Amino acid sequence: MSDGCIFCQILAAKAPCYPVHETRYTRTFLDIFPAAPGHCLIVTKKHYTDIFDATPESIGLVGHVSTLIAHAVKEELQCDGVGIFQLNGAAAGQTVFHYHMHVIPRNEGDDLKIHSRAPGDPDELQAMAERLRQRAYSMRIDD
Ligand code: 5GP
Ligand code: ZN
């Protein structure tokens, strides 16, 4: 836990969370400023600042989970594509300094933004998290 880190606060249940998936080492939840509906963040449970701080093993686990979340998002939302990326350092656009990976549903003609300044509607976030959670847990990670 790192003081003042919003993702650590979420993991410690001290801040709201719209959870989608959980493993021993990772948590996936919705971005509350979604770049598109269904925008997920996969975070390490341990606080690492970025790719330079995180262990290769923890990064591998996040990557492993990203395959499940990508399939869940694509199947549930029937989107045309899925953007997966992560940012390291303020110069790269990172805004939350706790290692995480974005999974963003994309559709033809989308405005390809990474960040949104508009908060999602809480009821819509809740409903979306429930849909993606059901879908993710109905799949096996190695299917
Ligand atoms: P970064 O810019 O560091 O790659 O991404 C950080 C992401 O965290 C942004 O997309 C931003 O919308 C999201 N974010 C910021 N604060 C919160 C929060 O309190 N809860 C959630 N779920 N996402 C957040
Ligand atoms: Zn943290």
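Reader: Is T26 buried or exposed?
Author: Keep in mind that this is a predicted model. T26 sits in strand β2. Buried means under 20% relative accessible area. The relative accessible area of T26 is 2%, so T26 counts as buried.

Reader: Which side chain makes a polar contact with the side chain of T26?
Author: Leaving aside neighbours within four places in sequence, T26 is in contact with I42, V43, K45, L61, V62 and V65. The polar contact of its side chain, at 2.6 Å, is with the side chain of T23.

Reader: Now to the metal. What is the geometry of the site of the zinc ion (ligand 2)?
Author: The zinc ion (ligand 2) is coordinated by C5 (SG), C8 (SG), H47 (ND1) and H98 (ND1), at 2.0 to 2.3 Å. Four donors count as tetrahedral if all angles lie between 85 and 135 degrees. The angles among the 4 donor atoms here are 104 to 118 degrees, so the site is tetrahedral.

Reader: How many residues apart are H47 and H98?
Author: Along the chain, the donors of the zinc ion (ligand 2) follow the spacing C-x2-C-x38-H-x50-H. H47 is in the loop between β3 (40–44) and α2 (56–77), while H98 is in the loop between β4 (81–85) and β5 (100–106); this pair links distant parts of the chain, with a separation of 51 residues.

Reader: What is the distance between the side chain of H100 and the backbone oxygen of H98?
Author: H98 is buried, with a relative accessible area of 0%. H100 lies in strand β5 and is buried too, at 7%. The side chain of H100 reaches the backbone oxygen of H98 at 2.6 Å.

Reader: Which residue does UniProt list for "active site"?
Author: Setting aside neighbours within four places in sequence, the contacts of this residue are F7, L41, I42, V43, Q86 and Q94. The UniProt entry is unreviewed, and the residue it lists for "active site" is H100.

Reader: Which residues does S58 touch, not counting those up to four places away in sequence?
Author: S58 is placed in helix α2. Its relative accessible area is 10%, so S58 is buried. With that exclusion, S58 touches T44 and Y48.

Reader: One last stop: how far apart are the C-alpha atoms of S138 and A72?
Author: S138 is found in the segment after α3 (122–137). At 55% relative accessibility, S138 is exposed. S138 and A72 are 66 residues apart along the chain, and the separation of their C-alpha atoms is 8.8 Å.

Terms used
Residues are numbered from 1 along each chain as its sequence is written. Chains are lettered from A and ligands numbered from 1 in the order in which they are written. This is a predicted model: local features need pLDDT of at least 70, side-chain atom pairs count only at pLDDT 80 or more; totals for chains, interfaces and linings use all residues. Side-chain values use heavy atoms; hydrogens and water are left out. Donors are N, O and S atoms within 2.8 Å of the metal (3.2 Å for Na, K and Ca); water is not among the atoms, so sites may look incomplete. Four donors count as tetrahedral if all angles lie between 85 and 135 degrees; four count as square planar and six as octahedral if opposite donors are over 155 degrees apart and all others between 65 and 115; anything else is irregular. Helices (H or I, at least four residues) and strands (E, at least two) are DSSP runs, numbered from the N terminus. Buried means under 20% relative accessible area, exposed over 50%, partly exposed in between (1.4 Å probe, protein chains only). Contact means heavy atoms within 4.5 Å. UniProt positions are given in the numbering used here, feature names are shortened, and annotations may be inferred rather than shown by experiment. A polar contact is a pair of N or O atoms within 3.5 Å; within protein, one must be able to donate a hydrogen and the other to accept it, and residues adjacent in sequence count only if both atoms are side-chain atoms.
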